[in-house]
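Let's walk through this one together, a piece at a time. Have the 3D view open and turn it as we go.

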Amino acid sequence: MPEQQRKPATFDPVWDQIKQDARDAIAAEPLMGGMIHTTVLHHPTLESALAYRVAMKLASDEMPAQIVRELADSAYAADPSLGKAARADLVAVFDRDPACHSLMQPLLFFKGFQAIQAYRVGHWLWSNKRRDLAYFFQARVSEVFGIDIHPNARIGKGLMIDHAHSIVIGETAVVGDNVSMLHSVTLGGTGKEDDDRHPKIGDGVLIGAGAKVLGNIRIGNCSRIAAGSVVLQEVPPCKTVAGVPARIVGEAGCDQPALTMDQILNSSPGE
């Protein structure tokens, strides 16, 4: 009888590290054991754990957790890019947020990461013409996390939202890869037009706390928007803008401002 070939083990360093973080956390704090087993160690893949976490957060009396989980499971099974984006988001939070000390923490505790993963499932529903379900995801993300992202918005991978309170991202907004933003950021429209009306954020952009970017304008790759700024005009790549209304106050200061999270303005106005 021929030997049955063994299927090679799947190599997933992010998920493997999360499981090790989970075991370490239980050893350090046994009272967390039940929650961590249910949320992490019970699941065979990160996608399964994410579907469970999204369901636990978004479920309501009107929409039971089992239905939300089945929707999330369907999304992850149909579109592998959702899992890849989640891994990039996890690594982004771990690398850029000094308050994050393990890959497990965003999955369990960080509402910015959790909200983005729920948005990604809602976006998948929207893209597959299941619009009312997508609106349900948007509404619940807003109610639970205080983050309002239209399911039609397009958001790249490697997004880090620090503190993640009062974020608003409009229907036709586009956010590139490896973007970092802080709390109270708005990517909004102007007027009542219903066409393409929201900002297009390039790759590697850093958006400071409370910044408002309004209208169908392009924010160039690797630029910085200072905290509290109101941006109404396009921003070239690798520049820093500040003020109300915002204007260019200098260079971005480094090749990847979203990765360094450096928000100090070294250039004086007019330079």
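How are helix 4 and helix 5 oriented to each other: roughly parallel or roughly perpendicular? Keep in mind that this is a predicted model. The axes of helix 4 (residues 65-78) and helix 5 (residues 80-96) cross at roughly 95 degrees, and an angle of 65 to 115 degrees counts as roughly perpendicular. The two helices are therefore roughly perpendicular to each other. Their axes come within 4 Å. At the meeting point, helix 4 brings Ala75, Tyr76 and Ala78, while helix 5 brings Pro80, Leu82 and Gly83. Sort that contact by class and you get five nonpolar residues, one polar and no charged ones.

Five strands make up an open sheet with parallel pairing, and the order is 1-4-7-10-13. Strand 1 (147-149) and strand 13 (230-231) sit at the edges with a single partner strand each, so one side of each has no neighbour in the sheet. For strand 13, look at strand 10 (residues 212-214): two bridges join this parallel pair, and Val213 has Val231 as its bridge partner.

Further along, strand 14 (residues 239-242) and strand 15 (residues 247-251) run antiparallel, joined by four bridges. One of the bridge pairs is Ala242 with Arg247. The two strands form a hairpin with four residues between them, and Gly243 in the turn has a positive phi of about 110 degrees.

How far can you trust all this? The mean pLDDT is 93, and 94% of the residues reach 70 or more. Over residues 267-271, though, the pLDDT is below 50.

Key: Residues numbered from 1 in each chain as written. Predicted model: local features only at pLDDT ≥ 70, side-chain atom pairs only at ≥ 80, totals over all residues. Heavy atoms only, no water. Pairing = 2+ DSSP bridges. pLDDT = per-residue confidence, 0-100. Contact = heavy atoms within 4.5 Å. Axes fitted to C-alpha atoms, helices over the stretch in contact; angles between N-to-C directions. Parallel < 35°, antiparallel > 145°, perpendicular 65-115°, else oblique. Nonpolar A, V, L, I, M, F, W, Y, C, P; charged D, E, K, R; others polar.
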